Amino acid sequence: MPFLNRLQRWAGDRPDGTAVVVAGQRLSWEELRDAAAALVPGSPAVTVLSEGNSLHFAVAFAAAVAGERQCAVLDPSWPQQLQDGIRDRIREAAPAGAPAATELADGPPGTPFLIGLTSGTTSVPKAFTRSRRSWRQSFDASVEFFGLVPEDRTLAPGPLAASLNLYALAECLHAGSEFHTLARFDVGDAHAAVSHDGITRLVLVPTMLRLLSERGLSGGVDASGVRSIICAGSKLDARTLEAARRWAPNATIFEYYGASELSFVSGAGLPPGQQPEPHGTGIGTPFPGVEIRILDDDGVQLPDGTDGNVCVRSGMVSDGYLWGDDGQALQSFGGWHTVGDQGYLDGPTLHMLGRRSDMIITAGTNVYPHEVELALASVPGVAAAVAAGVADDLRGQKVVAGIVPSHGGVTATQLRAGIEDVLARNKRPLEYFALTGLPLTDRGKLSRELLLDWIAGHDPRIRRLG
């Protein structure tokens with residue numbers, strides 16, 4: 001069961017309790033159950049859901065996965081031509097015949113219920129499937145790891161089309177915990193929810209956390225009631241972590257590594273008052289039910305401290321791709337699965353270095369942008385940093401970095417001095433650029449490709465630091 005049988009339970013136990021809140025509008029457990037149940041008889045074998053955050057989204061998603069039905073959630077901001085192409089592919093892959101079950105109940109554990117899509121902008125994204133059993137195991141792991149309880153009120157302020165927020169919605173429905181989101185991400189609306197709706201738990205990406213924390217501090221927004229902050233997408237830099245600790249002083253701040261195809265892999269929680277490891281790349285220890293190994297490209301296990309493919313074995317791994325499988329995106333070595341992310345183990349702790357595709361090879365040295373960004377983010381005068389590799393005739397590639405300055409600004413000389421004792425010489429940027437803001441995707445994730453586009457196009461949002 002993913003969550004429908006649990007939804008029935010909460011609707012029976014506390015029908016008038018709040019289940020979902022979107023932009024101040026509320027559905028009780030009974031209202032959510034009844035509205036979803038009414039949609040089930042007319043729901044097809046595969047539903048393609050493409051809409052913004054709304055109460056209807058939550059209702060439609062619940063109905064779309066009843067019985068042995070499947071649901072594909074598309075980002076409504078994708079171009080219509082791209083969405084039409086995905087719909088055509090799903091139609092071709094959809095199971096034949098009408099779904100038999102007409103009640104709001106979970107289907108058999110081994111059946112697929114979710115068609116997940118990797119991020120796309122113009123090209124058709126890859127599509128993979130997840131079974132009901134895999135999400136049940138994911139719920140068990142995340143509820144235990146993050147300490148989610150029915151009394152929590154979770155705010156996930158990002159788009160429900162993004163897997164982080166879609167999972168948070170389903171996880172709360174499974175756990176009987178109140179779920180909140182916004183019509184669209186807005187700092188003021190998020191602050192209002194934290195202040196007035198009794199939010200105890202935040203689920204968001206680092207860029208959103210940075211905005212909420214820094215503006216919350218300057219605006220006097222009280223976040224003392226927030227008890228846990230769950231961040232995914234990239235490791236928190238020192239400035240974001242510092243701001244979050246000051247804004248929400250009673251929160252345990254969780255960061256974790258996972259992938260849509262792998263689910264949860266490793267994570268760590270930083271309790272109030274505990275100091276983080278400076279400049280660290282560690283991303284915690286394995287989630288419950290997860291084993292981690294570092295393997296080379298031939299599937300040979302590597303010793304502690306040696307970089308390689310981060311491979312996992314768990315019951316939470318997806319079933320594979322419906323289309324787009326190039327043999328590289330999700331690889332398997334005798335039951336150990338990887339999406340090509342690179343890292344190493346230090347005892348039980350996983351250290352993440354980044355995607356192989358992001359790796360910069362400069363003068364024969366492998367440099368992961370994430371290492372560079374974490375080092376730069378600790379330099380006074382740096383609000384945020386992004387690093388990438390630019391083609392270079394002498395070195396093959398050279399490391400460059402974009403800096404969003406904090407108040408007072410920063411010079412290239414200060415940046416070089418600030419990372420001198422942190423990064424090896426051959427990993428340090430050779431050029432620095434001041435940015436008016438980080439290059440981000442429409443889902444709030446850092447885009448190194450966009451940084452390179454800005455540099456190549458002499459974009460007005462970027463200027464070279466001497």
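These are my notes from going through a predicted model, feature by feature.

**Ground rules.** In this predicted model, local features need pLDDT of at least 70 and side-chain atom pairs count only at pLDDT 80 or more, while totals for chains, interfaces and linings use all residues. Residues are numbered from 1 along each chain as its sequence is written, and side-chain values use heavy atoms, with hydrogens and water left out.

Entry 1: I started with an open sheet of four strands, in the order 23-24-25-26 with mixed pairing. I take strands (E, at least two residues) and helices (H or I, at least four) as DSSP runs, numbered from the N terminus. Two strands pair if DSSP finds at least two bridges between them. Strand 23 (382–392) and strand 26 are the edges, each pairing on one side only. From one strand to the next the twist averages 30°. I then looked at strand 23 against strand 24: they pair in the antiparallel sense over ten bridges. V382 stands opposite P405 in strand 24.

Helix 10 (residues 369–377) packs on the sheet and touches strand 23, strand 24 and strand 25 (431–435). Its direction makes about 145° with that of strand 23. For such angles, axes are lines fitted to C-alpha atoms, for helices over the stretch in contact, and the values run from 0 to 180 degrees between N-to-C directions.

**Entry 2: S406.** Next I checked S406, in the loop between strand 24 (396–405) and helix 11 (412–418). What does S406 contact beyond its neighbours within four places in sequence? I found G381, V382 and A383, where contact means heavy atoms within 4.5 Å. The C-alpha atoms of S406 and V382 are separated by 5.3 Å, although the two are 24 residues apart along the chain. S406 counts as partly exposed, at 28% relative accessibility. My scale: buried is under 20% relative accessible area, exposed is over 50%, and partly exposed is in between (1.4 Å probe, protein chains only).

**Entry 3: D392.** D392 lies in strand 23. Buried or exposed, I wondered about D392? At 17% relative accessibility, D392 counts as buried. A polar atom of its side chain lies 3.1 Å from the backbone nitrogen of L394. Leaving aside neighbours within four places in sequence, D392 is in contact with Q397 and K398.

Entry 4: S263 sits in strand 12 (residues 263–270) and counts as buried at 10% relative accessibility. H458 is in the loop between helix 12 (448–456) and strand 26 (462–465), and it is exposed, with a relative accessible area of 70%.

**Entry 5: the cores.** Last, I went through the nonpolar cores, each a set of buried Ala, Val, Leu, Ile, Met, Phe, Trp, Tyr and Cys residues joined through side-chain atoms within 4.5 Å. The largest has 100 residues, and V20, F61 and L350 touch the most other members. Which helix gives the most to this core? I noted helix 3 (residues 55–64), with nine residues. Not counting residues up to four places away in sequence, F61 touches F3, L49, C71, V73, L114, L166 and A170. A second, separate core of 20 residues includes L376, A385, V399 and A412.

Technical notes. Polar contact = N/O pair within 3.5 Å; in protein donor to acceptor, adjacent residues only side chain to side chain.
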